[in-house]
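Me: I have a protein model open and would like to learn how to read it. Could you walk me through some features step by step?

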Amino acid sequence: LVRHGRHLDVLERKLGSLMMAGCCMAPERFWGEIFDSYEQYRASHVSEYFHLLLGLLSEHHVRVSPPLWSLMVAFGLIEGSMLELGFGINVLRTVAPYVFSFNPIERVVLVARLDRSERNHRRLSAG
């Protein structure tokens, strides 16, 4: 899939920052790599991340595998549906048990990180 890719080291760094910014309330060193402002970062949704991801892959001449495409579309559908219904959802918390295999300590660490991210999100959204 990446045989013809260009500047893959830059792509790797940017994709890592994009994923960190999308998974939790990330520090500026991550979201600043992708977004022009904190307000733009906070206002973005899965559809925006999807668009940014496809733009990065296209810019670096990397083809998207069908399973990755399916996963990205599924995330977009989940978030879009929940937003339309008026509910917030942490997609990472929802899919983690099915996507990742954790030992008990890693699971506790993930839950603590997700809890902290969600508290930060609520605090920042409130004002």
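**Reading helices, caps and loops**

Reply: Let's start with a helix pair: helix α1 (residues 8–23) and helix α4 (residues 46–59) pack at an angle of about 175 degrees, and their axes are 11 Å apart. This is a predicted model, where local features need pLDDT of at least 70, side-chain atom pairs count only at pLDDT 80 or more, and totals for chains, interfaces and linings use all residues. Residues are numbered from 1 along each chain as its sequence is written, and side-chain values use heavy atoms, leaving out hydrogens and water.

Me: How are α1 and α4 oriented to each other, roughly parallel or roughly antiparallel?

Reply: Two packed helices are described by the angle between their axes and the distance between the axes. Axes are lines fitted to C-alpha atoms, for helices over the stretch in contact, and angles run from 0 to 180 degrees between N-to-C directions. Angles under 35 degrees count as roughly parallel, over 145 as roughly antiparallel, 65 to 115 as roughly perpendicular and the rest as oblique. Here, α1 and α4 are therefore roughly antiparallel.

Me: Which residues of α1 and α4 make the contact?

Reply: Contact means heavy atoms within 4.5 Å. From α1 come Leu 11, Lys 14, Leu 15, Leu 18, Ala 21 and Gly 22, and from α4 come Tyr 49, Leu 52, Leu 53, Leu 56 and Leu 57.

Me: What caps the N-terminal end of α7?

Reply: Helices (H or I, at least four residues) and strands (E, at least two) are DSSP runs, numbered from the N terminus. Helix α7 covers residues 104–126, and its cap is Asn 103, with a side-chain oxygen 2.9 Å from the backbone nitrogen of Ile 105.

Me: Is Ser 44 buried or exposed?

Reply: Buried means under 20% relative accessible area, exposed over 50%, partly exposed in between (1.4 Å probe, protein chains only). Ser 44 counts as buried because its relative accessibility is 14%. Ser 44 sits in the loop between α3 (38–43) and α4. Leaving aside residues up to four places away in sequence, Ser 44 touches Phe 35 and Tyr 49.

Me: What should I notice about phi of His 7 and of His 61?

Reply: Most residues other than glycine have a negative phi. Phi of His 7 is near 50 degrees, a positive value, and phi of His 61 is near 60 degrees, also positive. His 7 lies in the segment before α1 and is exposed, at 57% relative accessibility. His 61, in the loop between α4 and α5 (66–85), is partly exposed, at 41%.

Terms used: Expected span 1.5 Å × (residues − 1). Polar contact = N/O pair within 3.5 Å; in protein donor to acceptor, adjacent residues only side chain to side chain.
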